[in-house]
Each structure stands twice: as C-alpha cells, then as structure tokens.
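Here are my notes on this one, in numbered points. Have a look at the model first, then read on.

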Amino acid sequence: MSNKTVTREDVARLANVSPTIVSYVLNNSNYVSKEKREQVLKAVKELNYIPNQLARGLRTSRSSQFIFVCDNIQAELFEAVESRLFEHGYYVSLNYSRNTEEFLNMLVSRQPEGIFMATNVFEAQQLNGIAESGIPIILYKTKKYEDLNPRIVTVVPDYYDAVKKSMDYLILKGHKRIGLIPPVKYMTKGITGSDFRVKAYVEALERNGIPVHPELVCTRTQTLEDIYEEVFRMVVSSGKDKKPTALVIGNDYLAAQVMQYLKKLNIRVPDDLSIIGCDNTQIAPLMAPALTTVDVSKDRLAESYVEKMLAMVEGKTVEEEFVGVKLIIRESA
C-alpha cells in the first residue's frame, strides 16, 4: 500500500482494534494495553502509515486551528468567535454536524487545538470519545448530559429562561394553545425529552394550569421541509379548537422562514398567529412584522467561548458558565 492510500482505518483493521485505539496509541492520549499498543505499532510499521500532517503526532506540535460544529447557520456567533481567535493568531473552520462515526473520526483525525460544539445532536459518550483523544471541547449546552469528560466545558445560553420568558409573555396575553418549534436538526423527544426548551415549555404551561398538548411540540426537525409539514399539521390540518394561537420558534432565521411559509398559507402574523423567535439576530427588527424575540448576546457567548477555550489549550481549569437572556418585544406577538 502507498502512503497516500493508507488510513487510520487500514491500521485498525490490520491490528484488529478500533480506529479510536489507533488514535490513542498515536497520540499517546489514553491508556491502551501493552498487547494492543504493540499490535498498532506493528501495523503502522508494516503499512508505513504516516498520520495526517495536520495531526500533532505525539502532541509535540500545534495546528493553530479550531473547529466550529453547528446544526444550522449561526453566522453571527461564528463570525464573533472567528474574529476573536484570529486576533490570537488562530483560525477556525466551520463544519455542519453529521451524527456519524465517520464525521467524529474526521474531527479527531484533524487534531485541532479544540472544538466548539454548537449542536445537541451528539450524546455524552460520543463527545467523550473526542475529548479522550486530548482535544478540548466547548459545548453549547441545550440539554442535560451525564458524566462529561473534564476536557468538555459547557457554555449555557439560558434557553430554558428564553422559552420561559416567551411562554410567560404569551400566556399573559391570553394564549393557551402555544406551539413549540425547535431549530432545524435540534434533537428532542417532545414533552418527555430532557432538552431545556421543552422542559421550560411544559413547566410554564403546568405552572399556569394550562393543559399540555404533546401534538403542539414539533419533534420532526431534521430538515426545514419537515418543520414546514409540522407547522402545516398544527395550523391547517388540526381542527379549529386544536390549532395553536402562537408559536415559540427556536431561532430568528427559522422564525423568518416559518413566517414566509405562513404568508403563503394566508395566515397573518400576529392577527391569526403570534410568533416569538430567539437570539435577536440582525434580521429580527427588519422583518414584517418586526419579530418579538429573546436576546442571547452573541458577543458575550463568543467572548466566553474564546476565553475558556484558550485557557483550556494552556492546560488551565475552567468552569461552566450561564449566559443570560432578555425578551425583546416587537410586533409579531
């Protein structure tokens, strides 16, 4: 085999171990039994395997790159993170999440200085697998995780409070049938899920003595088309007394897309259906009607992201941080 065609997976197959074990041996980043270590090193020699030059081999050099993983376009947050890292002499690449072993292996194989995970599609075990290779992770936490590796530090935009504030405002205005539309690719099991948005939604209804209707929580979020179908089901196909009178939507960009979709259905915002978005992005006040939303400061998030990541790269201990939110009332609700 030529060097160009030999991969970590080839080494793993010849050594009869997993690709993760190969990474552990090459990076000297976790305990591997003497027998398996010898198998891997023998396979490396036999195949003349040369790890990716971007990798830091035995962690003796540095790549000067970070990876930013997200589910959908989070342009303002990415740009704020990128500009801060550039000032420190680093660059960051943008990758859209794929919940596959191949994608996770790719992240590890590139051996970045660290990874920003602005997604909730991965479970703790998957994230721990990356952290165990020696790569620190800053996790944009929107659901509960158990037993995260110490190399994973969470920054928590308070989306629980964002939904709570949205729900309290709509309930104060007399709404009792409120739909919840999470962002595209957002992983949720509906009212039984552990994600913060749904917990806040359910608790707000229960606190105000309003029945919880599972069908008003969108659980099909893989694509925008899935979400459109769920919105159609809620606001068109449902019986008159079962339709929502308001929607709480996961981010402003999705809210803008849903509002355009509702316009095609001749459903008026806010006359027929009130809408609240989230993140207070630059488009929110420019929409027609201007979007009521919850402000989550991208500058504060980016500042926290970068400060914590650079500290972790230097081997320092950092703590979880919550970033507060506030409701911005405009015309859509």
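1. Let's start with a pairing: β7 and strand β8 (residues 274-276) run parallel, joined over three bridges. Leu247 sits across from Ile275 in β8. Strands count as paired here if DSSP finds at least two bridges between them. Helices (H or I, at least four residues) and strands (E, at least two) are DSSP runs, numbered from the N terminus.

2. Some ground rules: this is a predicted model, where local features need pLDDT of at least 70, side-chain atom pairs count only at pLDDT 80 or more, and totals for chains, interfaces and linings use all residues. Residues are numbered from 1 along each chain as its sequence is written, and side-chain values use heavy atoms, with hydrogens and water left out.

3. β7 has another parallel partner in strand β6 (residues 178-181), with four bridges between them. In that pairing, Ile178 stands opposite Ala246.

4. Which way do the β7 side chains go? Ala246 and Val248 point one way from the strand (residues 246-249), Leu247 and Ile249 the other, and all are buried, meaning under 20% relative accessible area (1.4 Å probe, protein chains only).

5. Follow the chain on from β7 and you get a right-handed β-α-β unit, made with helix α10 (residues 252-264) and β8. Right-handed means that, with the strands pointing away from the viewer, the path from the first strand over the helix to the second runs clockwise.

6. Zooming out, the protein chain has 11 helices and 11 strands, and 56% of its 333 residues are buried. Its C-alpha atoms fill a box of roughly 70 × 40 × 35 Å, taken along the principal axes.

How values were computed. Buried means under 20% relative accessible area, exposed over 50%, partly exposed in between (1.4 Å probe, protein chains only).
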